[in-house]
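Please keep the sequence and the structure in view while reading.

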Amino acid sequence: MIDDLYEINKFGKSLRNLRKEKGLSIRELGKRSEVSHAYISQLENGVRNIPKPKIINKLAKGLGMPFIELMRVAGYC
């Protein structure tokens, strides 16, 4: 359980860092990825579990990065 929470928080922090590196607000990433800004905020704050690959794909597109790279960040590979 503790390890799961660590991974969730790690993903959220990484997502926030990637978003900020790209100079995007949560709302802008939401528009670009077609994922709600509220959901992105919850991911970044560790409130939500690591998303399924379908959502990770949308987020990767919104961030302009390879899908596989964000899958690695999420711990899928």
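In which sense, left-handed or right-handed, does H4 pass H5 in their crossing? In this predicted model, H4 passes H5 in a right-handed crossing. The contact between these two helices draws on Pro53, Ile56, Asn57, Leu59, Ala60 and Leu63 from H4, which meet Phe67, Leu70, Met71 and Ala74 from H5. By class, nine of the contact residues of H4 with H5 are nonpolar and one is polar, while none is charged.

Two packed helices are described by the angle between their axes and the distance between the axes. The table sets out these values for the two helix pairs discussed here.

| Helix pair | Residue ranges | Angle between axes | Distance between axes |
|---|---|---|---|
| H4 and H5 | 53–63 and 67–74 | about 120 degrees | 9 Å |
| H2 and H4 | 26–33 and 53–63 | roughly 110 degrees | within 8 Å |

Helices H4 and H5 pack at an angle of about 120 degrees, and because angles from 65 to 115 degrees count as roughly perpendicular and those over 145 as roughly antiparallel, H4 is oblique to H5.

The axes of H2 and H4, for their part, cross at roughly 110 degrees, and that angle makes H2 roughly perpendicular to H4. H2 passes H4 in a right-handed crossing, with Leu29, Arg32 and Ser33 of H2 meeting Lys58, Leu59, Gly62 and Leu63 of H4. The contact of H2 with H4 is made up of three nonpolar, two polar and two charged residues. Leu59 and Leu63 of H4 take part in the contact with H2 and also in the contact with H5.

The loop between H2 and H3 holds Glu34, a residue that is not a glycine and yet has a positive phi of about 60 degrees. Most residues other than glycine have a negative phi. Glu34 is exposed, its relative accessible area being 64%.

Helix H3, which spans residues 37–44, has Tyr39, Ile40, Leu43 and Glu44 as its buried residues. Why do they lie on the same side of H3? They do so because they cover an arc of only 135 degrees around the axis. An α-helix has 3.6 residues a turn, so residues three or four places apart point the same way. Just after H3 comes Gly46, where phi is positive at about 75 degrees.

Terms used. Residues are numbered from 1 along each chain as its sequence is written. This is a predicted model: local features need pLDDT of at least 70, side-chain atom pairs count only at pLDDT 80 or more; totals for chains, interfaces and linings use all residues. Side-chain values use heavy atoms; hydrogens and water are left out. Buried means under 20% relative accessible area, exposed over 50%, partly exposed in between (1.4 Å probe, protein chains only). Helices (H or I, at least four residues) and strands (E, at least two) are DSSP runs, numbered from the N terminus. The arc is that of the directions from the helix axis to the C-beta atoms. Axes are lines fitted to C-alpha atoms, for helices over the stretch in contact, and angles run from 0 to 180 degrees between N-to-C directions. Angles under 35 degrees count as roughly parallel, over 145 as roughly antiparallel, 65 to 115 as roughly perpendicular and the rest as oblique. A crossing is left-handed if the near helix is turned anticlockwise from the far one by less than a right angle, and right-handed if clockwise. Contact means heavy atoms within 4.5 Å. Ala, Val, Leu, Ile, Met, Phe, Trp, Tyr, Cys and Pro count as nonpolar, Asp, Glu, Lys and Arg as charged, and the others, Gly among them, as polar.
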